[in-house]
Amino acid sequence: MTDEELKEQVVLALKGVYDPEIPVDVYELGLIYDIKIFPVNNVYILMTLTSPSCPSAGSIPAEIEEKIRAIDIVNDVSVELTFDPPYSTELMSEVAKLELGFM
């Protein structure tokens with residue numbers, strides 16, 4: 001599997017993780033800032049949350065790591081949480097905006 005194909009699998013896994021308070025997955029919400037694939041199928045995710053005081057701050061990154069580790073060829077996963085830049089609804093995909101009534 002190429003790095004690009006693995007990245008597609010990672011995105012599919014991310015689309016299975018939801019913020020419990022919002023009926024849209026973390027990828028479409030724009031919470032994922034970066035996905036990097038390093039040698040030997042190590043995956044790095046840079047992400048944010050909708051707010052620094054999000055009650056799911058512990059569970060969402062852990063669920064993301066779990067879903068990505070479930071991909072057979074993934075060797076290791078690193079999930080980094082950042083609030084710079086702060087989350088904004090402008091980061092949402094059109095799918096998420098439609099689902100949440102922003103369009």
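This is a short talk on one predicted protein chain, from its overall fold down to single residues.

Some ground rules. The model is predicted, so local features need pLDDT of at least 70 and side-chain atom pairs count only at pLDDT 80 or more, while totals for chains, interfaces and linings use all residues. Residues are numbered from 1 along each chain as its sequence is written, and side-chain values use heavy atoms, with hydrogens and water left out.

Let's start with the fold. The chain has 4 helices and 3 strands. Along the sequence, the pattern reads α-α-β-β-α-β-α. Helices here are DSSP runs of H or I with at least four residues, strands are runs of E with at least two, and both are numbered from the N terminus.

Now the overall dimensions. Along the principal axes, the C-alpha atoms fill a box of roughly 40 × 25 × 20 Å. The radius of gyration is 13 Å, which agrees with the value near 13 Å for a compact globule of 103 residues. That radius is taken over C-alpha atoms, and the globule rule is 2.2 Å times the number of residues to the power 0.38.

Next, contacts. A contact means heavy atoms within 4.5 Å. Take the contacts with a separation of 6 or more: 61% of them are between residues 24 or more positions apart.

What about the surface? The chain exposes about 5900 Å², and carbon and sulfur atoms supply 51% of that. Accessible areas come from the Shrake-Rupley method with a 1.4 Å probe, and for residues only the protein chains shown count as cover. Of the 103 residues, 37% are buried. Buried means under 20% relative accessible area, exposed means over 50%, and partly exposed is in between (1.4 Å probe, protein chains only).

On to the inside. Which residues have the most contacts inside the largest nonpolar core? They are Val 10, Ile 45, Ile 64 and Ile 68, in a core of 27 residues. The elements giving two or more residues to this core are α1 (3-14), α2 (26-29), β1 (32-38), β2 (42-47) and α3 (59-69). Helix α1 gives the most, with 5 residues. For the term itself: a nonpolar core is a set of buried Ala, Val, Leu, Ile, Met, Phe, Trp, Tyr and Cys residues joined through side-chain atoms within 4.5 Å.

Look at Ile 45 on your screen. Leave aside its neighbours within four places in sequence. Among its contacts are then Val 10, Leu 14, Ile 32, Ile 68 and Val 79. Asp 34, Ser 78 and Glu 80 also touch Ile 45.

Now the charges. Side chains of opposite charge can pair when their charged atoms come close. A salt bridge here is a side-chain nitrogen of Lys or Arg within 4 Å of a carboxyl oxygen of Asp or Glu. The whole structure has 4 salt bridges.

One of them joins Lys 15 and Glu 28, at 3.1 Å from N to O. Lys 15 lies in the loop between α1 and α2 and Glu 28 in helix α2, so the pair ties together parts 13 residues apart in sequence. Lys 15 is partly exposed at 32% relative accessible area, whereas Glu 28 is buried at 11%.

Another pairs Asp 34 with Lys 36, at 3.5 Å from N to O. Asp 34 is partly exposed at 26%. Lys 36 is partly exposed too, at 37%.

Then there is Glu 65 with Arg 69, at 2.9 Å from N to O. Both lie in helix α3, 4 residues apart, about one turn of the helix. Salt bridges that share partners join Glu 65, Arg 69 and Asp 76 into one network.

Now some backbone details. Where is the cis peptide bond? It joins Asp 84 and Pro 85, with omega about 5°. Pro 85 sits in the loop between β3 (76-81) and α4.

Turn to the loop between β1 and β2, where you will find Val 40 and Asn 41. Val 40 has a positive phi of about 65° and is not a glycine. Asn 41, also not a glycine, has a positive phi of about 60°. Val 40 is exposed, with a relative accessible area of 61%.

Last stop: the end of the chain. Leu 98, Phe 102 and Met 103 form a nonpolar surface patch with about 360 Å² of accessible area together. Patches are made of residues with over 30% relative accessible area and no salt bridge: like charges are joined within 9 Å, nonpolar side chains (Val, Leu, Ile, Met, Phe, Trp, Tyr) within 5 Å. Met 103 belongs to the segment after α4 (94-100). At 58% relative accessibility, Met 103 counts as exposed.
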